[in-house]
Amino acid sequence: MDIKAVIKQLKQGQVSPLYLCYGTEKYQIQEFIALLEEQVVDREQRDFSLAAFDLAETPIEAVVEEAETLPFLVERKLIVVRDSALFTAAVKEGGKVEHRVEALLDYMNNPAEHSVIVFVVHHEKLDERKKIVKAIKTEGTVLSFAPLGGNELTQWVVREVEKRGSRIGRDAAEALIAASGVQMSALSVEVDKLCLYAGANGMIDTAAVDQLVARTTEQNVFAMVEHIAGLKLERALGIFYELLKQREEPIKIAALIARQFRIMLQVKDLARQSYSQQQIASQLGLHPYAVKIAGEQARKFEQARLKQILADLAQLDYQMKSGGIDKVLGLELFLLKLGAA
């Protein structure tokens with residue numbers, strides 16, 4: 001079901017007795033659960049209105065029993081059930097808890113009016129063959145929380161800044177994603193910091209992002225490759241020397257560079273086969289925004305050139321690890337050659 005439609009229903013007081021939230025975007029799932037809490041949980045009687053279970057430690061029968069038990073001092077209660085692998089094809093090794101799924105199936109046929117159960121599944125897909133999945137699709141509300149696409153993520157950053165009373169341009173929003181990464185929880189923390197810096201109705205620009213947002217090694221390498229693709233060798237070398245000051249291992253830096261060029265080659269190849277951005281992301285196990293940027297970078301290189309760069313990096317890796325060349329010098333020469341090509 002469409003998430004926006006469900007959120008609209010919630011705000012109108014229409015609450016389903018059963019929800020199943022699945023997908024890899026944990027931040028969005030947590031936000032949805034927070035919205036459910038606002039609608040269901042009595043703040044003054046929170047201890048009686050909210051229950052949490054982990055199916056790795058608790059049998060499903062205990063969840064059903066809790067749902068069937070009348071609440072104390074409140075009209076309704078919210079039951080959050082995590083680690084709900086019952087709905088996926090994944091089988092956890094060493095799992096000691098046995099679940100009597102029939103108990104949940106029976107409950108779904110006649111859910112209690114005084115309870116709202118939300119199952120949380122941190123998996124990309126459900127096992128559609130399972131009876132339990134078919135049942136909850138019929139009797140409950142199933143919501144998919146997939147990573148936002150490249151443009152969607154940028155728009156989300158802009159909206160989050162505006163919610164906090166500040167402003168941000170698209171360039172600065174993309175700079176923030178490039179610096180902080182694509183995880184929405186990390187982005188939210190950085191947005192809070194930038195909005196505090198900008199103040200009410202203040203404008204957040206790329207200079208503020210550069211000044212306040214610390215890049216991880218991975219994001220620094222990502223930026224380095226971006227500068228190389230844009231023929232900005234001086235900036236690329238500047239990032240490289242900064243990473244060395246931070247005592248980053250040259251072999252690790254080379255491996256991360258190789259990973260980014262490998263992604264560029266894979267994205268270029270799949271795009272030529274008419275795969276969409278979302279399909280490429282799913283195929284490579286990447287965030288759609290990373291695929292978008294890799295695609296933009298890949299357009300600046302011929303396929304043969306990307307293959308040669310990867311071959312050069314493989315040779316450099318062997319030389320650095322075998323002592324055939326000084327690690328820092330070898331990587332420096334590689335970057336100079338790459339920027340001059």
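I looked up the largest cavity first, and about 30 Å³ of space lies in it. The model I am working from is predicted. I asked how many cavities of 30 Å³ or more the structure holds. I found one.

Next I listed the lining of the largest cavity. Arg305, Ile309, Asp312, Phe334, Lys337 and Leu338 line this space. I sorted the lining by class and got three nonpolar residues, three charged residues and no polar ones. Which helices each supply at least two residues of this lining? They are helix 16 (303-322) and helix 17 (327-340).

**Entry: helix 1 and helix 2**

Helix 1 covers residues 3-11 and helix 2 covers residues 26-40. Their axes come within 10 Å and cross at roughly 20°. Is their crossing left-handed or right-handed? I noted the crossing of helix 1 and helix 2 as left-handed.

I then went through the residues that meet. Helix 1 brings Val6, Ile7, Leu10 and Lys11, and these meet Phe32, Leu35, Leu36 and Gln39 of helix 2. By class I have six nonpolar residues in this contact, with one polar and one charged.

**Entry: helix 8 and helix 9**

I looked up helix 8 (residues 170-180) against helix 9 (residues 184-198). The two axes come within 10 Å, and I have their crossing angle as roughly 125°. Perpendicular stops at 115 and antiparallel starts over 145, and helix 8 and helix 9 are therefore oblique to each other. Their crossing is right-handed.

Which residues make the contact? From helix 8 I wrote down Leu176, Ile177 and Ser180. From helix 9 I wrote down Ala186, Leu187, Glu190, Val191 and Leu194. The contact of helix 8 with helix 9 divides into six nonpolar residues, one polar and one charged.

**Entry: helix 13 and helix 14**

The last pair I checked was helix 13 (residues 250-272) with helix 14 (residues 277-284). I have them packed at an angle of about 130°, with their axes 10 Å apart. That angle makes helix 13 oblique to helix 14. I recorded the crossing of helix 13 and helix 14 as right-handed.

On the helix 13 side I listed Gln266, Val267, Leu270 and Ala271. They meet Ile280, Gln283 and Leu284 in helix 14. How many charged residues are in the contact of helix 13 with helix 14? I found no charged residues there, and the rest divide into five nonpolar and two polar.

Key: Residues are numbered from 1 along each chain as its sequence is written. This is a predicted model: local features need pLDDT of at least 70, side-chain atom pairs count only at pLDDT 80 or more; totals for chains, interfaces and linings use all residues. Side-chain values use heavy atoms; hydrogens and water are left out. Axes are lines fitted to C-alpha atoms, for helices over the stretch in contact, and angles run from 0 to 180 degrees between N-to-C directions. Helices (H or I, at least four residues) and strands (E, at least two) are DSSP runs, numbered from the N terminus. Angles under 35 degrees count as roughly parallel, over 145 as roughly antiparallel, 65 to 115 as roughly perpendicular and the rest as oblique. A crossing is left-handed if the near helix is turned anticlockwise from the far one by less than a right angle, and right-handed if clockwise. Contact means heavy atoms within 4.5 Å. Ala, Val, Leu, Ile, Met, Phe, Trp, Tyr, Cys and Pro count as nonpolar, Asp, Glu, Lys and Arg as charged, and the others, Gly among them, as polar. On a 1 Å grid over the protein atoms alone, a cavity is a set of points where a 1.4 Å probe fits but cannot get out, and a pocket is an open set with protein on both sides within 12 Å along at least five of seven lines; lining residues have an atom within 4 Å of a point. Grid points are joined across faces, edges and corners, and a volume is the space filled by probe spheres set on the points.
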